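Let's take a friendly walk through a protein model.

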Amino acid sequence: MNINKKIYKDPFELSKFLSDEILEVSKKKINIALSGGSTPKLLFETLSTSYHNKISWNNINFYWSDERCVPPEHQDSNYGMTKKYLFNNILIPEQNIHRIEGEIAPKVAANNYEQKILNNIKKGSNDFPIFDWIILGLGTDGHTASIFPNSSLEIFPKNICAVAVNPQTNQQRITFTINLINNAKRVSFLVTGINKAKIIFEILSGKETAIKYPASLIKPPNGKLEWWLDEEAASLL
Ligand code: 6PG
């Protein structure tokens with residue numbers, strides 16, 4: 001598996017180069033799934049300030065790799081965070097935003113989201129939807145999306161979405177499964193900060209210990225895998 005590491009001086013430089021990449025891909029219709037958490041905030045601010053009138057937002061359909069089971073206005077909502085840092089500052093058609101309904105029963109939300117993906121995203125020969133680009137974060141415990149270590153989600157052979165639980169907070173989540181992520185044309189991890197350096201080292205050095213991290217299972221057989229890192233996160237490589 002060819003793993004493409006892109007290392008930048010700091011989160012600002014990383015956000016600029018990733019914004020340039022989003023500008024490039026937005027010249028054509030594209031389905032992009034975003035991650036949640038705090039790392040993407042700087043990327044969204046960069047897009048909102050320096051790229052808001054350069055990018056053809058109507059070419060991009062936004063999804064999420066996961067969502068917390070909270071209402072959209074809740075401080076934990078990944079959709080809510082993206083709306084605050086990005087959507088409120090750009091002209092994007094409402095119908096291009098495909099949020100996960102965190103406010104309803106998790107199983108119903110997962111089924112609704114799965115159905116939406118099946119209806120909107122073209123499928124491969126394996127009958128799994130193929131996202132053009134999935135941008136993921138990385139937790140210090142090795143989780144990605146809301147696939148946490150020791151969860152049964154890693155072995156779900158057929159689902160494309162599932163209900164998960166964050167073991168730290170017991171908060172329910174809706175998440176892409178590893179099978180769906182690995183079916184994408186392009187998967188990019190966006191990771192910054194010294195607190196992620198150890199886990200980045202374990203995963204990217206192919207350490208035996210990394211096998212317990214769900215993020216280490218992200219290996220799209222027919223897609224590109226990239227790690228967009230700042231120097232702090234890459235400091236042990
Ligand atoms: C979420 C994310 C999750 C996140 C990592 C990193 O809903 O929390 O999708 O996978 O990307 O936990 O979070 P930070 O960017 O806050 O470190």
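Here is a short tour of the sheet, the core, the rings and a few loops.

## Before we start

Please keep in mind that this is a predicted model. Residue numbers begin at 1 and follow the chain as its sequence is written.

## The main sheet

In what order do the strands of the open sheet lie? The order is 1-9-8-5-2-3, with 6 strands and parallel pairing. Strand 1 (3-8) and strand 3 (60-64) are the edge strands, and each has a single partner, so one side of each has no neighbour in the sheet. From one strand to the next, the twist averages 20°.

For a closer look at one pairing, find strand 2 (residues 30-34) and strand 5 (residues 133-136), which run parallel and are joined by 2 bridges. Here Ile-32 of strand 2 has Trp-133 of strand 5 opposite it. Helix 1 (residues 11-25) packs on the sheet, where it touches strand 1, strand 2, strand 3, strand 5, strand 8 (186-191) and strand 9 (224-230). The direction of helix 1 makes about 145° with that of strand 9.

## The nonpolar core

In soluble globular proteins, nonpolar side chains tend to be buried together. In this model, the largest nonpolar core has 69 residues, and the members that touch the most others are Ile-117, Phe-131 and Trp-227.

Which residues does Ile-117 touch, not counting those up to four places away in sequence? They are Tyr-63, Pro-129, Phe-131, Ile-160, Cys-161, Phe-176 and Leu-180.

Helix 2 (residues 40-50) has buried residues of its own: Pro-40, Leu-42, Leu-43, Phe-44, Thr-46, Leu-47 and Ser-48. Among the elements that cover them are helix 1, strand 2, helix 3 (78-85) and strand 8.

## Rings and charges

A pair of aromatic rings is described by the distance of the centres and the angle of the planes. The count for this model comes to 12 aromatic pairs. In one of them, the rings of Tyr-8 and Trp-228 have centres 5.7 Å apart and planes at 20°, so the pair is stacked. Tyr-8 belongs to strand 1 and Trp-228 to strand 9, and the pair links distant parts of the chain, 220 residues apart. Are these two residues buried or exposed? Tyr-8 is buried, at a relative accessible area of 13%, and Trp-228 is buried as well, at 3%.

Tyr-63 and Tyr-113 make a tilted pair, with 6.5 Å from centre to centre and 45° between the planes. Tyr-63 is in strand 3 and Tyr-113 is in helix 4 (residues 106-120), so this pair ties together parts 50 residues apart in sequence. Tyr-63 is buried, with a relative accessible area of 1%, and Tyr-113 counts as buried at 3%. Elsewhere, ring pairs join Trp-57, Phe-62, Trp-64, Tyr-79 and Phe-87 into a cluster.

The charged end of Arg-186 sits over the ring of Trp-133, 4.1 Å from its centre. Lys-16 lies over the face of Phe-17, at 5.1 Å from the ring centre.

## Strand 7 and its partners

Now look for strand 7 (residues 172-176). Of its 5 residues, 4 are buried, so strand 7 is largely enclosed by the rest of the structure. Strand 4 (residues 66-68) pairs with strand 7 in the antiparallel sense over 3 bridges, and Glu-67 stands opposite Ile-174.

Strand 6 (residues 161-165) also runs antiparallel to strand 7, with 5 bridges joining them. The bridge partner of Ala-162 in strand 7 is Thr-175. Strand 6 and strand 7 form a hairpin with 6 residues between them, and Asn-170 in the turn has a positive phi of about 65°.

## Two loop residues

Thr-192 is in the loop between strand 8 and helix 6 (197-204). Its relative accessible area is 18%, and Thr-192 is buried because the cut-off for buried is under 20%. Not counting residues up to four places away in sequence, Thr-192 touches Pro-11, Leu-14, Thr-39, Asp-230 and Ala-233.

Leu-217 is in the loop between helix 6 and strand 9. At 25% relative accessibility, Leu-217 counts as partly exposed. Leu-217 and Ile-178 are 39 residues apart in sequence, and their C-alpha atoms are 7.4 Å apart in space.

Key:
Predicted model: local features only at pLDDT ≥ 70, side-chain atom pairs only at ≥ 80, totals over all residues. Heavy atoms only, no water. Core = buried A, V, L, I, M, F, W, Y, C linked by side-chain atoms within 4.5 Å. Buried < 20%, exposed > 50% of the residue type's maximum accessible area, 1.4 Å probe, protein only. Contact = heavy atoms within 4.5 Å. Pairing = 2+ DSSP bridges. Axes fitted to C-alpha atoms, helices over the stretch in contact; angles between N-to-C directions. Phe/Tyr/Trp six-rings, centres within 6.5 Å; stacked < 30°, edge-to-face > 60°. Lys NZ or Arg CZ within 6 Å of the ring centre and 35° of its normal.
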